Amino acid sequence: MAGIYIHIPFCKKACHYCDFHFSTSLQYKGDLVRAIATELKLKKDRLAGQIVETIYFGGGTPSLLSDVELGLIIDTLSQHYQIAPQAEITLEANPDDLDKAGLLKIKQFPINRFSIGIQSFFEEDLLWMNRAHHAAEAASCIPRSQDAGFENISIDLIYGYPILTDAKWQANLAQAVQTHVPHISSYSLTVEPKTALAYQVQKGLQQAPNDSQSANQFKYLQTYLEAAGFEAYEISNYAANQQYAVHNTNYWKGIPYLGIGPSAHGFDGLNRYANIANNAQYIKAIAHSQLPETWDYLTQADRFNEYIMTSLRTQWGINLTQVEITYGAQRVAWILEEAAEELAKENLILVNNSLKLSLQGKLFADGIAASLFWEDDL
Ligand code: SF4
């Protein structure tokens with residue numbers, strides 16, 4: 001079992017908060033897609049004998065691909081990989097690309113899941129973010145996609161930005177629930193270095209996000225979506241009827257996946273790699289049949305820490321039985337000792353031999369995970 005992540009590094013506009021790898025010049029889109037097809041061929045032996053259960057087109061904005069470009073990638077995948085008949089094939093899409101023509105284009109391919117970057121249903125908020133789409137497109141693209149037969153839809157919403165009042169956040173969530181999408185991903189705005197937002201905050205042109213506003217909006221998100229029938233199966237991910245994102249869930253479970261395209265990350269089951277985050281250099285390397293990737297060889301402590309970091313964010317938590325099988329009883333005793341303070345504060349709870357975050361604890365997830373990291377040998 002394996003997955004494939006394909007990074008499409010192009011966007012119409014640069015959202016002010018975004019630090020993903022992308023270009024707003026579409027000049028080399030065709031060359032880059034051909035390089036992606038070549039990289040898929042070069043890496044085919046890495047998944048020899050494995051069934052591909054998930055394919056994820058991320059970005060960037062994969063919905064910018066033309067039918068010829070999408071067709072080239074999908075044909076290459078089907079010629080060189082063993083793809084499960086029921087594979088989850090997700091395309092990240094922007095609302096402005098999901099008009100009638102855009103949906104007809106995508107419908108030609110076996111894409112069966114959308115992850116739509118709605119972010120907000122308010123025009124002023126989308127303008128503040130410098131998104132490429134308008135509020136009317138955010139509202140209309142979901143029912144239009146559903147009418148076109150795309151039922152498995154996830155939408156992204158952002159909270160914690162200065163102009164998002166609690167009333168607007170509540171309205172965004174109410175509208176999201178009314179669309180009957182089975183999956184919602186929601187992230188707090190963070191100011192990443194080298195973004196337009198970071199520059200604006202530094203120059204005093206923009207307020208920095210406010211921690212207590214963000215915490216309150218996160219708590220509302222959790223309680224509102226749970227009351228609406230969504231499971232908070234990961235800190236930022238909510239699913240109705242157990243329609244979890246299989247690709248992401250497999251990532252958290254440590255299932256191998258190929259990373260294709262500039263800046264894409266991959267995992268072979270033991271170690272991780274990252275492709276070069278530069279379109280021109282990526283195209284050039286692939287043209288010479290070279291894989292422009294840098295490997296990160298994980299130690300046992302790295303693997304343990306990754307497990308702590310990812311599992312703690314999920315509703316299943318840190319499975320201490322699993323830790324004992326993999327790392328020994330001494331490591332479990334150590335975790336429980338380190339976790340004692342957070343257990344006493346009820347930021348952590350111990351249920352069925354698994355350590356999980358409480359609602360309050362989720363606000364401190366990264367710090368709590370770090371306190372359980374393996375730094376020295378026992
Ligand atoms: S559309 Fe997505 S990838 Fe592109 S700039 Fe906006 S947030 Fe970043």
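Contact here means heavy atoms within 4.5 Å, and in that sense Leu-173, leaving aside its neighbours within four places in sequence, is in contact with Leu-157, Tyr-220, Leu-221, Tyr-224 and Leu-225. The structure is a predicted model, in which local features need pLDDT of at least 70 and side-chain atom pairs count only at pLDDT 80 or more, while totals for chains, interfaces and linings use all residues. Residues are numbered from 1 along each chain as its sequence is written, and side-chain values use heavy atoms, with hydrogens and water left out.

**Nonpolar cores**

- A nonpolar core is a set of buried Ala, Val, Leu, Ile, Met, Phe, Trp, Tyr and Cys residues joined through side-chain atoms within 4.5 Å, with buried meaning under 20% relative accessible area, exposed over 50% and partly exposed in between (1.4 Å probe, protein chains only).
- The largest such core has 94 residues, and those with the most contacts inside it are Ile-4, Ile-6, Phe-57, Ile-73, Phe-114 and Ile-155.
- A second, separate core of six residues includes Tyr-5, Tyr-257, Ala-264 and Phe-267.
- Not counting residues up to four places away in sequence, Ile-73 touches Ile-6, Ile-8, Val-33, Ile-36, Leu-40, Phe-57 and Leu-65.

- Helices (H or I, at least four residues) and strands (E, at least two) are DSSP runs numbered from the N terminus, and two strands pair if DSSP finds at least two bridges between them.
- Strand β4 (residues 113-119) is largely enclosed by the rest of the structure, because seven of its seven residues are buried.
- From β4, Arg-113, Ser-115, Gly-117 and Gln-119 point one way and Phe-114, Ile-116 and Ile-118 the other way, and all are buried.
- Four bridges join β4 to β3 in the parallel sense, with Leu-91 opposite Phe-114 in β4.
- The pairing of β4 with strand β5 (residues 153-159) is also parallel and spans four bridges, and there Ile-116 stands opposite Ile-155 in β5.

**Antiparallel strands**

- Strand β10 (residues 265-267) and strand β11 (residues 272-275) pair in the antiparallel sense over three bridges, with Gly-266 opposite Tyr-273 in β11.
- The hairpin of β10 and β11 has four residues between the strands, and in this hairpin Gly-269 takes a positive phi near 100°.
- β11 also pairs with strand β12 (residues 293-296), antiparallel and over four bridges, where Arg-272 stands opposite Asp-296 in β12.
- Three strands form an open sheet in the order β13-β15-β14, with antiparallel pairing.
- In that sheet β13 (318-319) and β14 (348-351) stand at the edges, each with a single partner strand, so one side of each is left without a neighbour in the sheet.
- β13 and strand β15 (residues 354-357) pair over two bridges, and Ile-318 stands opposite Leu-355 in β15.

**Helices and their buried residues**

- Leu-173 is placed in helix α6 (residues 166-178), and it counts as buried because its relative accessibility is 0%.
- The buried residues of helix α9 (residues 246-253) are His-247, Thr-249, Asn-250 and Trp-252, and what covers them includes β1 (2-8), β2 (51-59), β3 (82-93), β7 (230-234), β8 (237-240) and α11 (300-312).
- Just after α9, Gly-254 takes a positive phi of about 80°.
- Asn-319 caps the N-terminal end of helix α12 (residues 320-327), with a side-chain oxygen 2.9 Å from the backbone nitrogen of Thr-321.
- After α12 comes Gly-328, whose phi is positive, near 100°.

How values were computed
A polar contact is a pair of N or O atoms within 3.5 Å; within protein, one must be able to donate a hydrogen and the other to accept it, and residues adjacent in sequence count only if both atoms are side-chain atoms.
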